[in-house]
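Hello,

Here is the structure I promised to pass on.

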Amino acid sequence: MTSRSARYVPTILAIVMAVIVLVPLSMMFTVSLNPDEAQIQITLGTVRAFIPHVASLENYQHVLADPHQPFLRYLLNTVIIVVGIVGLGLLVNASAAFALAWGQGAYRKLFIGVVIAVYVIPGESLVLPLLLMMSRVGWVDSYQVQIVPFIANSFAIFLFYQFFTGMPRELMEAAKIDGAGLLQTFFRIGLPLSMPVVSTLAILGFLDAWNSYLWPLMVTRGPEYRPLSVAMATYFTGQQAFWGNVMAFAVLMTLPVLIVYLIFQRWFVASVMSSGVKG
Amino acid sequence: MIQRPPPKVVPTAPGPPVSRSGRLSALLHETALIAPAAILLIVFLILPFFMAGYLSFTNERLVPRPIPTRFVGFENYTRVLGDPDFWQAFRNTFYFALLVVPLQLSMSLGAAMLLNGRLRFRSFFRSVALLPLVTPITVIIVIWAAMFQIPDGLLNNLIRLFGYRGDYVNWLGDARWAMPSIVLLSAWATFPFQMLIYLAGLQDIPIERYEAARIDGANTWAQFRYITLTGLRNVHVFVVITTTIQAFKLFVQVDLLTRGGPLGSTNTLVRYMVQEGYSAQRIGYASAIAIIFFILVTTFALLQRVLIPND
């Protein structure tokens, strides 16, 4: 191979990769824009399935107007749950980590040990006892059942803890001399400085909550509190043969995440990377 | 996902003498900061964990019934270990992990190396590669369901294009093909995550090592083998183990596409646990499966701590 043609190898491979990623996604968009279900069935296996050739919003109207599957309600539910988990989670986990890093109590070493230990417990092992608890206290089919159990998070506490222990001691002492208690120091100094951690956890938490499926499947009974992920599954099962509608639903569910991704892409990449290893 | 060694608890300096009321208010502040997380962790993580252990020794049901719950000793465990459906789910789970981990990680590493090398429109390609990560998993499943269509779906037409001479492949309806099909879809869905972690690892390898190797006359393969792969050792261990654990948790793909079928060929540990504990309401029995699952995942997680030094 000459060095001239070898130069194009990475580009060609990158194009192959882009095609593999983009074909399924553009198929979703293309099919969602086609109102003719019979034509979709014929073209589904061909090139025409992923190159848009008609542009109609009819399928989207069907999805948004379906009284049995209220898309906007599902969207609202998802947003409430995501904002609840991420917002309350950041506050609760950051404050705990701050106390662990700069508090006085002798319990701190034990607490950190427990936080690291419980991190390995897979959530899947806990869903059944949790379901039993929730059904006994009557929380099944509500927002709180989908928010409250996931606010405290050992990974988040640990990440904040690492950040806070790295803060200069002089800063803390200066705050103390100024008469600020631990609580004020947290809100005035700790939390504002920890924005890199906040953005990392907000992005990862947002993705997690948007995707969560098993738990909401078990604890919701109908559209009132059901999130989009479970609704997408039900809609797919109910509309088996109507690919146009199913794909329009799929596009509508993906768009909010896609928009968030495009706006915060830089932080997004950094946050996933920082969740991995260093050396 | 935590990798860095835990920092030591900072010993707090004695500081100036404080009054009794000052000490009391400091205690109050600290309690206010720590209490919400402590209570939530105890109620929603530690308590359910011990409950799972306790329930696995009882015949508890999801809906209360007139006959009181009994303590049954190890009965659930002995029944699980003699249950052919459990063992099928167990084998399927390992089969899935065995197929998906190498496929997904080669995709991740390949893409990461492409994006780390000299490449035009690099940020465009990176944005594209990350798209599966931001597409909700249920949406990905629905799209692939359309591609798995028989007899003339996209994938069937594609293999015909590459010379497949049979009638068609019944991707999800054939017990031989159902799990490999789920593997394809799953690798596509999550490879960008490991790709980013590999990318971070690649950027940590000093470029001088490659330059030195080139001067020594090492070819591309030798550079890949001795610099890239060696430099990524810890990243590999981390990624292999977390991806394996993630694979063990397989649920939504099979729950939506195959319901564990055909002939139980895609039933997994998590799905079998949910089926027993939620659908059949046998919480006691399913808790034994949950505990076995926990032991499995923990074993792999601990393996990582053993294999990565300085952790």
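A term to begin with: a residue is called buried if 20 or more other C-beta atoms lie within 10 Å of its own, exposed if 12 or fewer, and partly exposed in between, with C-beta atoms placed from the backbone. This is a predicted model, in which local features need pLDDT of at least 70 and side-chain atom pairs count only at pLDDT 80 or more, while totals for chains, interfaces and linings use all residues. Residues are numbered from 1 along each chain as its sequence is written, and chains are lettered from A and ligands numbered from 1 in the order in which they are written.

Gln281(B) is partly exposed because 14 other C-beta atoms lie within 10 Å. It has a positive phi of about 65° although it is not a glycine, and its place is the loop between α13 and α14 of chain B. (Helices are DSSP runs of H or I with at least four residues, and strands are E runs of at least two, numbered from the N terminus.) Phe121(B), also not a glycine, has a positive phi of about 55°. Phe121(B) sits in the loop between α3 (84-116) and α4 (122-129) of chain B and, with 13 C-beta neighbours inside 10 Å, is partly exposed.

There are cis peptide bonds to check as well. One joins Ile150(B) and Pro151(B), with omega about -5°; Pro151(B) lies in the loop between α6 and α7 (154-161) of chain B. Another joins Gly261(B) and Pro262(B), with omega about -10°, and Pro262(B) belongs to the loop between α12 (252-257) and α13 (269-279) of chain B.

Helix α6 (residues 137-147) of chain B is largely enclosed by the rest of the structure, because 10 of its 11 residues are buried. Among them are Ile143(B), Trp144(B) and Met147(B).

Next, the two chains. 86 residues of chain B are in contact with 81 residues of chain A, where contact means that C-beta atoms, placed from the backbone, lie within 7 Å. On the chain B side, helix α1 (residues 20-55) of chain B gives the largest share, 20 residues. That side divides into 62 nonpolar, 17 polar and seven charged residues (Ala, Val, Leu, Ile, Met, Phe, Trp, Tyr, Cys and Pro count as nonpolar, Asp, Glu, Lys and Arg as charged, and the others, Gly among them, as polar). Gly181(A) is in the loop between α10 (169-177) and α11 (182-193) of chain A.

Finally, the domains of chain A: their centres, taken over C-alpha atoms, are 34 Å apart. Domain 1 of chain A puts nine residues into the contact and domain 2 of chain A seven. On the domain 1 side, α2(A) gives the most, with four residues.

Best wishes

Definitions and conventions
Contact = placed C-beta atoms within 7 Å. Domains from an automatic or database assignment.
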